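Morning, everyone. Let me put the structure up, then walk through it.

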Amino acid sequence: TEVAPTTAKTAPAPTKTEVPHVEASVLAPLIGLWHYQTVAGIKDPKVKDDYLGRWIDLKGDQTFTSGIWQEQTNSGKWTYDGESTLINFYYDQSEVIYDEFQVQGAGMDIVAFLGNTSRTKRGIQIKMVKENERPVR
């Protein structure tokens, strides 16, 4: 049996000039689950302990959930300015931890939150590590 040749035509691939360039959001590298791994620049051990087991899960719609160890304890909205590298967290419920930082190293799985801002004590440095799961005790 003979097979008839197909008459369907495929569209030609677009040229480089026809493909629109879509810029990535400056938020993209920050989206994900972050652990507050190491805190420096705080002398008071009680304040330092407030960060133990903490995590924050930043969503692409600029909302977040946060908590301690496996438990979600809060949520809210976040903003990030790519030029000033300033990140702000607006918690739905009051928190004992700082809520504004400069981000150093955005685009990697480890970043530093620096407290050199108007609302956060100068000198605080927090090593944030992107993970797949909430921290376990």
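**The core and its strands**

Start with the largest nonpolar core: 23 residues, of which I87 and F89 touch the most other members. Strand 1 (32-40), strand 2 (54-58), strand 4, strand 5, strand 6, strand 7 (110-114) and strand 8 (125-131) each supply at least two residues of this core. By nonpolar core I mean a set of buried Ala, Val, Leu, Ile, Met, Phe, Trp, Tyr and Cys residues joined through side-chain atoms within 4.5 Å. Buried is under 20% relative accessible area, exposed over 50%, partly exposed in between, with a 1.4 Å probe and protein chains only. Strands are DSSP runs of E, at least two residues, numbered from the N terminus.

A caution on the source: this is a predicted model, local features need pLDDT of at least 70, side-chain atom pairs count only at pLDDT 80 or more, and totals for chains, interfaces and linings use all residues. Residues are numbered from 1 along each chain as its sequence is written, and side-chain values use heavy atoms, with hydrogens and water left out.

Now F89. Its contacts (heavy atoms within 4.5 Å) include Y36, I56, W78, F101 and F113, not counting residues up to four places away in sequence.

Next, pairing, which takes at least two DSSP bridges between two strands. Strand 4 (residues 71-81) runs antiparallel to strand 5 (residues 86-91) over 6 bridges. G76 sits opposite Y91. In their hairpin, with 4 residues between the strands, T85 has a positive phi near 60°. Strand 5 also pairs antiparallel with strand 6 (residues 100-104), over 3 bridges. There, L86 faces Q102.

Last, H35, in strand 1. Buried or exposed? Buried, because its relative accessibility is 13%. H35 touches R54, W55 and K127, among others, not counting residues up to four places away in sequence.
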